[in-house]
Amino acid sequence: MKKAKRSDLSIDLGFLKLRNPVIAASGTFGYGLEFKPFLDLDRLGAIVVKGLYLDPRPGNPPPRLAESASGLINAIGLQGIGVRAFYDKILPQLEDLKTPLIVNVCGNTDEEYAAVIEFLNKDGRIDAYELNISCPNVEKGGRCPALSPDHTFSLVKLARETSRKPLITKLSPNVTDIVSVARAAEEAGSDAVSLINTLLAMAVDVETRRPRLANTLGGLSGPAIRPIALRMVYQVAAALQIPVIGMGGIMTGRDALEFLIVGARAVEVGTANFIDPGASLRIVKEIQGYCREKSIDKVRDIIGTLRTDNG
Amino acid sequence: MLNDPAASIIRKKSWDDYVLLVLRSPRIARRARPGQFLMVRVSDRPYPLLRRPLSIHARERDTIEIFFTRAGLGTDILAEKKTGDTLDIIGPLGKGFSISRGLHGKTVGLVGGGRGIAPLYFLAKELRAKCVRPRVFYGGKTENDVPLLQKFARLKIGVFVSTDDGSAGFSGFVSAMLEKELDRAAPPAQIYACGPDPMMRRVAEAAAARRIPAQLSLEAVMGCGIGACWGCVKKIRRGETAEWVKICEEGPVFEASEIIWEEK
C-alpha cells in the first residue's frame, strides 16, 4: 500500500513563518531547556519562554498550586530570573535552536514593559515578543492592563513604538467583552493577539477553611477552561484582521483543531506540558494524522472553516 | 530523566492504607539514586490532571519500587492498579541524598515518618554497599502505620520504632525517640530524614543542636516535577539571601541548615 503523502502543516502569521501551528506556551515551558530531554525543540512551531520582568522576581509563597476537576489553579507570582540573567545565561544556550523564539514580556508599570523590550531589541535570536498584559500594575492599584481597552491600547502603543520585533498581545479572559480589548490591541498596532490567559479562580480547604493557595486567588488552566477559551477565540477571530493564536486547555491534536477551525491561525499548548512533557510534539503528530486521514493537503486550509449552516 | 510510558507492575503488596508496587523499567532503574523521585501518571483521563510525585523506594537491576499511602484521589486510583497494568512514569528526577566519602565505616541515622520512610530503604541499601552503617528511626501514628518493619529487619539493620499512640515501640513522635537516642548513645555522623514538615523541622532542630549534619527530603505538591512550572518551592538560604527554590529541581533533598521554615 502506498504511504499517504504528508500534509503541509506550515503556517504564515505574516510576520513569522511556523513549520507547524503548535507553539509551547509561556509559563509552562520554562526557558525551553527543561524540555530538551523529552522532545526535539526544533520540531515545534515556536516556543514562548517564561515571562520576563526587568529584575528577578521572588514569586509568591507556597502553596502555589491547587488541582481542581480537569484543571490546575496556580499562583506562582511570575517568579523569574529577570531579563539580564535571561540574556546572559539562557539565550546563549538557545543559540542553536532552529524554532522561532518568542519572549513573553512582563512589567509592573508600562515603562517596565518598554524597558524589557528595549533591552532585548539588540538580540538577534528573538523572533517576536508576546506582551503579557495580565501583570498586576503597581500604578493602577494592581489592576492589570488587560482589564481595560484603554489601558491595553496605551500599553500596546508604547510597546509598538519601542519594539523592533513583531508584537503579540496576550489577552486575559477575565473581562466582560474580550472583543473590545482585542480590538484595542489591534488598533494600537499589535501584530497578533494570543488568548486566553488563565481564568481567575480559587479553592478552599474545608477542613481548615483556608484558601488552598497562599495567594488566595490564582489562575485556572487545563481542559476545564477549553470551551470558554474556544468561545473567546471564535469571537475575537471573527472581529479582527490580525492573526489570532488560540490557547486554553489544549491536550490533544483534536483539541488544537477545534481552535483552528474557529479561526485561530496557530495554537499554544500550556498545562499539557506539565502532565506530558512531550505533549506539544505529540499534538503536532496528531494534527498531521488528522490531515492525512481527511486528505487535507495543507493544514492552513482548515483555519476558520467552521460550518454554521444546517447542511 | 526519561519518560517510560509503559512501566509494567510486576508485583503488588498492600497493607491497610499502604501500597507497594514493583515496576519494571530497566532504563530508569539503572539511573536511579536514593532520594530521587518519579512523576507517575495515575490515569489518562483529565481528572486528576497532574502526575503524582513519588520517591523511589527500592531499585533492583531492572525494577524500581514505589511505596505510598492513599492520600487522596490520585493515590486512591494508583492503589487500585493491578499486577500486569502499566504506568506512565518520568524519572529519575531531582537530586538525591549525598553520601560523603567521610562516612565510610561510620554510623548514620535514618529518620522516617509514615510514608516518608519510602526513600530511606533505597538509601539504607546504598549506604550498606558503601560500608556505612545505617540505624533506622521509623515512626507512625499507630502500629498499622509502620508496615516496613520486617523489610528493614531482613536487611539486618537496627530499627527503632515509635508510634504516636504507643501501640508499638516508643510512645511518641519519632523525633522525640531520635533525641532520646542521640543523648543516650554515640551520635551518628550524619542524619537523613523524610517525613511530614513538622517532623522534619524537629529533626532539623535536634540535629542542629548537636551539630550533626542532616539531609532532609522534602515533600511537595508538584505540577510537573521537571522545573517548568515553579509550583513546588521552599525558602532556601543562598549565601546572604534566601529565595524560593524549586523542590523538584534543586531538591527534594536539602541540607537542613539551608532550609528556612515558615513561621510557626
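Me: At what angle do the axes of helix 5 and helix 6 of chain B cross?

Reply: This is a predicted model. In it, the axes of helix 5 (residues 174-184) and helix 6 (residues 197-209) of chain B cross at roughly 15° and come within 9 Å.

Me: Why is helix 5 of chain B called roughly parallel to helix 6 of chain B?

Reply: The crossing is at roughly 15°. Angles under 35 degrees count as roughly parallel. Therefore helix 5 of chain B is roughly parallel to helix 6 of chain B. The crossing of these two helices is right-handed.

Me: Which residues make the contact between helix 5 and helix 6 of chain B?

Reply: Helix 5 of chain B gives Val174(B), Ser175(B), Leu178(B), Glu179(B) and Leu182(B). From helix 6 of chain B come Met199(B), Arg202(B), Val203(B) and Ala206(B).

Me: What makes up this helix contact by class?

Reply: Six residues are nonpolar, one is polar and two are charged. Glu and Arg count as charged, and the contact includes Glu179(B) and Arg202(B).

Me: Which domains does the assignment give chain B?

Reply: Domain 1 spans 2-93 and domain 2 spans 101-219. Their centres, taken over C-alpha atoms, are 24 Å apart. The contact takes 13 residues from domain 1 of chain B and eleven from domain 2 of chain B.

Me: Which element gives the largest share of the domain 1 side?

Reply: Strand 6 of chain B, with three residues. By class, that side of domain 1 of chain B has seven nonpolar, four polar and two charged residues.

Me: How many residues of chain B are in contact with chain A?

Reply: 21 residues of chain B, against 28 residues of chain A. The chain B side divides into 14 nonpolar, four polar and three charged.

Definitions and conventions: Residues numbered from 1 in each chain as written. Chains lettered and ligands numbered in written order. Predicted model: local features only at pLDDT ≥ 70, side-chain atom pairs only at ≥ 80, totals over all residues. Domains from an automatic or database assignment. Contact = placed C-beta atoms within 7 Å. Helix = DSSP H or I, 4+ residues; strand = E, 2+ residues; numbered from the N terminus. Axes fitted to C-alpha atoms, helices over the stretch in contact; angles between N-to-C directions. Parallel < 35°, antiparallel > 145°, perpendicular 65-115°, else oblique. Left-handed = near helix turned anticlockwise from the far one by under 90°.
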